[in-house]
Amino acid sequence: MSVLKLTYFELFNINVNITLDLNELNNKYLQLQTKFHPDKYLNSSAVEKTMAARISTHINDGYKILGDLTTRVDYILKINNFTIDENVTFKNNQFLIEQMELTETINNSDTKQYSNIKKEIKSKIASLILDMKNNLSSGDFDILYQNNSMIKFYKKNINQLSK
Amino acid sequence: MALIQISDPDKSIEINKEFSVGIDLGTTHSLIAKKDGENLTFFKDNSNVLIPSIVSHENGKLIVGDLNSINSVKSIKRLVGVTSKELHAINFEDLEVDSSEDLPKVSLGNNKYNAIELSSQILLHLCEIAQSYENTSVNSAVITVPAYFNDMQRQATKLAAEMVDIKVLRLISEPTAAAIAYGIDAKQTGNFIVYDLGGGTFDVSILSIEKGVFKVLSTKGDTHLGGDDIDRLLNKYLLNNYPRLTKLHKTELYNLSKSLKHDLSDKNIATNEEHNVSIDLNDFNELINPLIEKTLKLLSEAIIESKVDSNDIKNIILVGGSTRLKIIKSKLDQVYKIKILDHLNPDTVVAEGAAIQAEVLSGNARDDFLLLDVLPLSLGIETYGGLSEKVIHRNTPIPSSSEKIFTTFKDGQTKMMINVVQGEREDIAECISLGQFVLSDIPPLVAGAARIRVRFQVDADGLLTVSAKEDTADKETTIEIKPSHGLTPELIQNMITTSNSKAEYDKNYRALKESIVEAERAINAIEEALKVDSNDLLNETELDLINQAIDSLQDALLSKNIDTIKQANDNLEKTSEFYVERRMNNSIKSLITGKDINDII
């Protein structure tokens, strides 16, 4: 087994969790890249160059995925062998109705109200994060997936409000 | 057959010391510099640090420099990495372009040349200048490119260097180079704006620098916004206000505008007595205000995209001769209350950063310094309906890889055209096609059943390799391509063989020298490694195998035969591959603390 087979959590030596300390992630990232970036192997043999390029890529890929909440949760689902059937779209009618209402609210409000709406959405995300932590510890991956999908919608709302 | 020189033992040490330079290959002018410890040298051409990026044809030869010749090509950088199909999107005023072939060509003398050929002439000229100072030829270089240069433009730049035997250590973006020049002394940490208004182009980047690590958070730019545009506006202004100037030759008019502009960087009114014209600073500022506003708009877009609060930005670094204009500093001051850094010469700061990075990468400098770059533009694939499906998003730290699964559109479809594109827009027409290839032998299944994995791998220079794999059937088809965008292997080979840069003998000798260096490096690396951890990582049989391979490479070195050396070197690499891999895995041990390494490997 090699470095390339480590999960990103193992690679960065960070406990598997829904939230993580981004400063810690950043520090570990810099430490790892300082060791494995191809620039450090320009005068090395061809084998070392290829290895370094692969490991450095793995570190970057992991940094990208762990650095963001929703991709991190997707990754946790993946390493727990929870596969999502791509043909089944997200089905939670109550939530979808709420989304439609929210979109309408956003369209009908002026920019001054945006920060308040954002605050509301952020508190919803915060409570979903708490739920997800419980889902993870109890192994309810199906619900974890549902909650993560809702956060993805909320993030889109926030992006829309930030434009 | 030419005799091969055998150097004496002392000289062989010389071989190992590379002559590495930093090159700022600019639209209007280029620079070449070397950093050696505390010493920074700019190599001058006719006592000029700024070497005009102009190629002229005289007496049957191509000559680089401003000869004021009618038979010359300026701003060839605008055409680097651009295919004839994309010419419509480019504004190349002064160039007469023949677009009958894939790569556009310009006429010089009796011949036509593409942008790569002419860029390589400029690079060759720069290296010859450096060589005349140092009495040794340039081995390798860090070359700067605009931050938003796409894959095609980067490949073309690299190829131009390779054509004249310059090994490219790394392509780095111009604003990053500028920040390196400013950052290395001060060891600064924080976010920075690099505002680069050059002769022909405008670039703005938001960088984050932390513990010697440089990240480009976002970049914006305009390939047609710079000092030349200011000159053009000034030309128009002069012709409107002084109609008698129409009788002036075009070059004379440009020179007049340039000198007035320069005067206005430290005066409130500029006058030219010979032509009896004058312009005051207020009129001038009003004239160029739309251009400056355009740069400010791009700057604010870059800040938004970087997701950095403008209060968290430490400095604005000014790059490019045009930033000497007073209006730029005062406007930046007005909009952002951020300290402006301008104590380095804005014309040379990019080349300085490239020279510093060349020293680091050639192994001659501090070890703790690392430049982490990002992908400048998103990479994707054309999907049904002419849309781009992004596979790797822009600003992803590189090297990076990503995989997407695509499927067939029709029942029984056995072939699939994969069009690799680069750009931010969803509409394929707004992106640049990097290359197309056909994946065949897909098993005939119902629409949507085939699973085609397309994998993108971007290296540390931002250059892309694409592979595609069909994995529905037991049969596995893998195809790997480097996007070529008009640069067919035949064309590249043809350009290299026709480049009259180096004599054949010189090339052979150089290749031998390089294979010796490579072999010595490999032996040295392995022996050093064995001293450290051969006891822990290798059993006796394994150690014997590696030592045998080292011995036979050492024997091969004595033969001074390039093929023998290469073969023995390949053998050593193959034999020691498992050991190198073990070492790499083991070295992560020191980084992962609090866990037994056996638990994770």
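How many residues of chain A are in contact with chain B, and how many of chain B with chain A? In this predicted model, 31 residues of chain A are in contact with 36 residues of chain B. Chain A is divided into two stretches, domain 1 (3–67) and domain 2 (93–162), while chain B is divided into domain 1 (14–186 + 348–366), domain 2 (379–487) and domain 3 (504–590).

**Where chain A meets chain B**

- On the side of chain A that touches chain B, the elements giving two or more residues are α2 (22–36) and α3 (46–66) of chain A.
- Of the elements there, α3(A) gives the most, with twelve residues.
- Sorted by class, this side of chain A has 13 nonpolar, twelve polar and six charged residues.

**Domains of the two chains**

- In chain A, the C-alpha centres of domain 1 and domain 2 lie 31 Å apart.
- In chain B, 32 Å separate the centres of domain 1 and domain 2, taken over C-alpha atoms.
- Contact between these two domains of chain B involves twelve residues of domain 1 and twelve residues of domain 2.
- On the domain 1 side of that contact, α3 (151–163) and β12 (167–173) of chain B each supply at least two residues.
- Here α3(B) gives the most, with five residues.
- The domain 1 side that touches domain 2 of chain B divides into four nonpolar, three polar and five charged residues.

**Helices α6 and α7 of chain A**

- Two packed helices are described by the angle between their axes and the distance between the axes.
- Helix α6 (residues 114–138) of chain A packs with helix α7 (residues 141–162) of chain A at an angle of about 160°, and their axes are 10 Å apart.
- Angles over 145 degrees count as roughly antiparallel, and α6(A) and α7(A) are therefore roughly antiparallel to each other.
- The crossing in which α6(A) passes α7(A) is left-handed.
- Residues of α6(A) that meet α7(A) include A:Ile117, A:Ile121, A:Ile125, A:Leu128 and A:Met132.
- From α7(A), the residues taking part include A:Leu144, A:Asn147, A:Ile151, A:Tyr154 and A:Ile158.
- By class, the contact of α6(A) with α7(A) has 14 nonpolar, four polar and three charged residues; among the charged ones are A:Lys118, A:Lys124 and A:Asp131.

**Helices α5 and α7 of chain A**

- What angle do the axes of helix α5 (residues 93–108) of chain A and α7(A) make where they cross? They cross at roughly 5° and come within 11 Å.
- Angles under 35 degrees count as roughly parallel, so α5(A) is roughly parallel to α7(A).
- On the α5(A) side, the contact is made by A:Phe95, A:Gln99, A:Leu102 and A:Ile106.
- On the α7(A) side, the contact is made by A:Met150, A:Phe153, A:Asn157, A:Gln160 and A:Leu161.
- This contact of α5(A) with α7(A) has six nonpolar, three polar and no charged residues.

**A three-stranded sheet in chain B**

- The strands β8, β9 and β10 of chain B form an open sheet in the order β8-β9-β10, with antiparallel pairing.
- Which strands stand at the edges? They are β8 and β10 of chain B, each with a single partner strand, so one side of each is left without a neighbour in the sheet.
- Strand β8 (residues 97–98) of chain B runs antiparallel to strand β9 (residues 105–108) of chain B, and two bridges join them.
- Across this pair, B:Val97 stands opposite B:Val106, and B:Asp98 stands opposite B:Lys105.
- A hairpin through six residues joins β8(B) to β9(B).
- β9(B) also pairs with strand β10 (residues 111–114) of chain B, in the antiparallel sense and over four bridges.
- In this second pair, B:Ser107 stands opposite B:Lys112, and B:Leu108 has B:Asn111 as its bridge partner.
- The hairpin of β9(B) and β10(B) has two residues between the strands, and B:Gly109 takes a positive phi near 60° there.

Key
Residues are numbered from 1 along each chain as its sequence is written. Chains are lettered from A and ligands numbered from 1 in the order in which they are written. This is a predicted model: local features need pLDDT of at least 70, side-chain atom pairs count only at pLDDT 80 or more; totals for chains, interfaces and linings use all residues. Two residues are in contact if their C-beta atoms, placed from the backbone, lie within 7 Å. Domain bounds come from an automatic or database domain assignment. Axes are lines fitted to C-alpha atoms, for helices over the stretch in contact, and angles run from 0 to 180 degrees between N-to-C directions. Angles under 35 degrees count as roughly parallel, over 145 as roughly antiparallel, 65 to 115 as roughly perpendicular and the rest as oblique. A crossing is left-handed if the near helix is turned anticlockwise from the far one by less than a right angle, and right-handed if clockwise. Two strands pair if DSSP finds at least two bridges between them.
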